[in-house]
Amino acid sequence: MTSVEQQVGTIPVQGQDLFFREARPGSGQTARFSVLLLHGIKFSSETWQNLGTLHRLAQAGYRAVAIDLPGLGRSKEVPAPASIGELAPGSFLEAVVEALQLGPPVVISPSLSGMYSLPFVTAPGSQLRGYVPVAPICTDKINAADYAAVKTPALIVYGDQDPMGHTSFEHLKQIPNHRVLVLKGAGHPCYLDKPEEWHTGLLDFLQGLA
């Protein structure tokens with residue numbers, strides 16, 4: 001079993017300090033690539049710690065980093081965007097990736113975090129290895145042409161008991177290179193309802209990325 005090294009800290013992003021948690025393969029092993037985990041409005045990086053996602057990703061050979069978004073979790077002192085449900089500047093996640101030296105990462109984006117991830121993944125020349133939207137908000141704010149231009153492979157995840165998941169899927173399915181993972185019997189935070197199916201589906205998707 002691969003050993004895992006973990007750390008927590010803060011990084012300066014656009015003049016503010018964001019809190020993060022990180023897990024990576026231990027014993028001097030080189031990570032395959034980075035996975036950046038975002039979160040919903042009632043959650044934080046601690047969600048991924050408690051669920052075991054950070055640990056599972058590091059054990060599988062990835063560098064996993066979860067951040068607390070502005071105004072939430074332990075980044076509470078960082079100003080949140082003026083309006084929940086409006087797209088944040090694509091430069092925000094770009095700055096996060098740069099500050100953490102993630103290289104082209106896979107971004108996991110549930111619910112609220114769609115306001116950050118969607119402008120990032122649809123930006124021209126976006127440097128992303130993969131995208132895992134989990135019933136994100138703001139999918140209706142991106143036009144069809146921008147979805148069609150996304151070159152990043154995507155794994156669209158939602159619970160079959162989540163109306164928001166169905167709605168967001170109708171937009172996200174315009175991403176050309178996508179797969180779908182529907183978690184049966186799961187609600188909006190579907191990864192909490194079906195953690196084993198979530199981890200299995202996520203690791204399978206990551207395994208298929210170059």
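At 24% relative accessibility, Phe-43 is partly exposed, a class that runs between buried (under 20% relative accessible area) and exposed (over 50%), with a 1.4 Å probe and protein chains only. The model is predicted: local features need pLDDT of at least 70, side-chain atom pairs count only at pLDDT 80 or more, and totals for chains, interfaces and linings use all residues. Residues are numbered from 1 along each chain as its sequence is written, and side-chain values use heavy atoms, with hydrogens and water left out.

**Aromatic pairs**

- The structure holds seven aromatic pairs. Rings of Phe, Tyr and Trp (its six-membered ring) pair if their centres lie within 6.5 Å; planes under 30 degrees apart are stacked, over 60 edge-to-face, and the rest tilted.
- One of the pairs is Phe-33 with Tyr-62. This pair is tilted, with 4.9 Å centre to centre and 50° between the planes.
- Phe-33 and Tyr-62 are 29 residues apart and link distant parts of the chain. Phe-33 sits in the loop between strand 2 and strand 3 (34-37). Tyr-62 sits in the loop between helix 2 (53-59) and strand 4. Helices (H or I, at least four residues) and strands (E, at least two) are DSSP runs, numbered from the N terminus.
- Phe-33 is buried, with a relative accessible area of 6%. Tyr-62 is buried too, at 1%.
- Phe-43 and Tyr-191 form an edge-to-face pair. Their centres are 6.4 Å apart, with 70° between the planes.
- This pair also links distant parts of the chain, 148 residues apart. Phe-43 lies in the loop between strand 3 and helix 1 (45-51), and Tyr-191 in helix 7 (residues 190-193).
- Phe-43 and Tyr-191 belong to one aromatic cluster with Trp-48 and Trp-198.

**Strand 2 and its partners**

- Strand 2 covers residues 16-25. Seven of its ten residues are buried, so the strand is mostly covered.
- Strand 1 (residues 4-13) pairs with strand 2 in the antiparallel sense, over ten bridges. Two strands pair if DSSP finds at least two bridges between them.
- Val-8 stands opposite Arg-21 in strand 2.
- The hairpin of strand 1 and strand 2 has two residues between the strands. In this hairpin, Gln-14 takes a positive phi near 50°.
- Strand 2 also pairs with strand 4 (residues 63-67). That pairing is antiparallel as well, over four bridges.
- Phe-20 stands opposite Ile-67 in strand 4.

**Salt bridges**

- Side chains of opposite charge can pair when their charged atoms come close.
- The whole structure has five salt bridges. Each is a side-chain nitrogen of Lys or Arg within 4 Å of a carboxyl oxygen of Asp or Glu.
- Glu-196 forms a salt bridge with Arg-56, the closest N and O atoms being 3.3 Å apart. Glu-196 lies in helix 8 (residues 195-207) and Arg-56 in helix 2, so this bridge ties together parts that are 140 residues apart in sequence.
- Glu-196 is partly exposed, at 46% relative accessibility. Arg-56 is partly exposed, at 26%.
- Lys-173 forms a salt bridge with Glu-170, with the closest N and O atoms 2.8 Å apart. Lys-173 is partly exposed at 36%, and Glu-170 is partly exposed at 43%.
- Asp-204 forms a salt bridge with Arg-179. The closest N and O atoms are 2.7 Å apart. Asp-204 is in helix 8 and Arg-179 in strand 8 (residues 178-183), so the pair ties together parts that are 25 residues apart in sequence.
- Asp-204 is partly exposed, at 45% relative accessibility. Arg-179 is partly exposed, at 37%.

**Thr-122**

- Thr-122 is found in the loop between helix 4 (114-121) and strand 6 (130-134). Thr-122 is buried, with a relative accessible area of 14%.
- A polar atom of the Thr-122 side chain lies 2.6 Å from the backbone oxygen of Leu-118.
- Leaving aside neighbours within four places in sequence, Thr-122 is in contact (heavy atoms within 4.5 Å) with Ile-142, Asp-146 and Val-150.

Conventions. A polar contact is a pair of N or O atoms within 3.5 Å; within protein, one must be able to donate a hydrogen and the other to accept it, and residues adjacent in sequence count only if both atoms are side-chain atoms.
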